[in-house]
Amino acid sequence: MAEQELREFDVTDEQRELRAALHRFAERQHDEATLRRLVDTTDGFDRALWARLGTELGALSLAVPEDLGGAGGTCVDQAVAAEELGAALVTGPLLGTVALAVPALVAAPAGDGRDALLAALADGSRTAALVARLTTPYDGASAAGVTADGDRLTGTVEHVPDAGAADVLVVAAAGPEGPVLAVVDPGADGVRVQRCGSFDVTRPVGRVVLDGVTGTVLATGADADGALRHAFRTAGALLAAEQAGIARRLLDLTVAYAKERLQFGRPIGSFQAVKHRCADMLVAVEQARTAALHAAWAVDDPRVDDADLAVSIAQATCSETAYRVAADAVQLHGGIGFTWEHVAHLYYKRAVADAALLGSAEAHRERIAVLVLDTLGDDVREPRVATG
């Protein structure tokens with residue numbers, strides 16, 4: 001057991017180098033001015049920078065096996081990247097392509113079409129979005145917003161992250177014999193992708209309408225359910241890591257501001273009320289990072305923990321932490337923190353939007369209760385409660 005715990009939190013030199021490389025990339029290529037410029041473009045991101053993330057840094061191919069053109073990395077590798085890219089609010093279809101579509105395809109049965117698509121997604125030459133109901137924890141019976149009749153797909157799904165910039169749509173559908181996983185060309189007849197207004201301008205969402213569209217079916221029944229379950233599980237761990245990165249960045253910004261902002265001739269960080277608030281933020285951030293990394297380790301190795309339970313704990317913890325730290329950061333920045341001109345505004349909106357993706361903190365707490373209580377044996381005694 002001791003050996004297992006040591007291995008779980010033993011971060012490798014390669015992961016440290018990956019974090020450092022992505023940090024440098026974000027500092028030099030994706031500063032705040034670039035971010036604000038990109039959110040006003042049609043796609044919402046720079047395809048040249050996206051390709052560099054795939055080819056130069058290999059950050060898009062971590063989940064793809066080496067024999068399919070990827071880096072063959074682990075979920076922990078991906079979580080390290082997600083935390084660093086989240087800390088910089090790097091725009092692009094990271095959630096749609098890297099966290100959702102790629103894991104679904106990797107877990108789907110092998111085939112020429114799937115293999116070629118994975119190679120293109122890994123090097124950044126194509127992008128994807130998973131068309132599914134993404135506001136609740138995964139449930140095979142309700143995740144699909146589209147019905148399948150053979151290879152014909154019909155239905156409408158709202159709030160699909162990165163749908164507007166996707167070169168391919170990976171669709172979760174409900175067929176007569178269970179879940180169906182299919183691939184659809186967004187330019188095909190009968191497909192409409194409409195960009196919708198989003199609270200978080202750094203991550204566009206869209207409405208996807210499929211009207212009897214012919215798709216390429218990759219998996220059905222248990223195979224499709226397994227692929228979608230793996231996608232939601234992986235995305236949950238990576239979204240938690242992103243939320244931890246957002247909280248960490250906001251803490252750094254707030255501490256730096258508290259050191260330089262003067263009030264009554266003293267830095268506001270010297271006042272006890274501000275010190276205590278920053279200390280509480282630090283504790284919450286470290287707890288969130290630990291929960292997110294534990295979830296990633298559990299996804300990689302089932303001996304570490306039940307992956308679904310670990311992901312729900314991370315989602316519940318990180319959603320609340322990112323929101324609370326963002327709210328505190330805005331407040332501690334005073335009036336400037338409430339304005340559009342300050343970057344805390346963008347982080348706050350990402351934190352709020354992230355908390356609604358893949359299930360709210362409350363929904364994951366319900367899931368944790370079910371996963372824990374259903375495993376208790378009959379010999380569990382009623383807890384003793386103090387009455388005095």
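Helices (H or I, at least four residues) and strands (E, at least two) are DSSP runs, numbered from the N terminus. The model is predicted, so that local features need pLDDT of at least 70 and side-chain atom pairs pLDDT 80 or more, while totals for chains, interfaces and linings use all residues. Residues are numbered from 1 along each chain as its sequence is written, and side-chain values use heavy atoms, without hydrogens or water.

**Exercise 1.** Describe the largest cavity and its lining.

*Solution.* A cavity is a set of points, on a 1 Å grid over the protein atoms alone, where a 1.4 Å probe fits but cannot get out, and lining residues have an atom within 4 Å of a point. The search finds 5 cavities of 30 Å³ or more, and the largest holds about 170 Å³. Next, its lining has 15 residues, with Gln78, Ala82, Leu94, Val98 and Leu238 nearest the centre. At least two residues each come from α5 (75-87), α6 (94-107) and α8 (221-260), and α5 gives the largest share, 5 residues.

**Exercise 2.** Which elements give two or more residues to the lining of the second largest cavity?

*Solution.* Start from the space in this second largest cavity, about 90 Å³. Among its lining residues are Tyr138, Arg229, Phe232, Asp308, Gln315, His364 and Arg367. The elements that give two or more residues to this lining are α8, α10 (307-332) and α12 (361-373). Finally, the largest share, 4 residues, comes from α8.

Definitions and conventions: 1 Å grid on protein atoms, 1.4 Å probe; cavity = no way out; pocket = protein on both sides within 12 Å on 5 of 7 lines; lining within 4 Å. Points joined across faces, edges and corners; volume = space filled by probe spheres on them.
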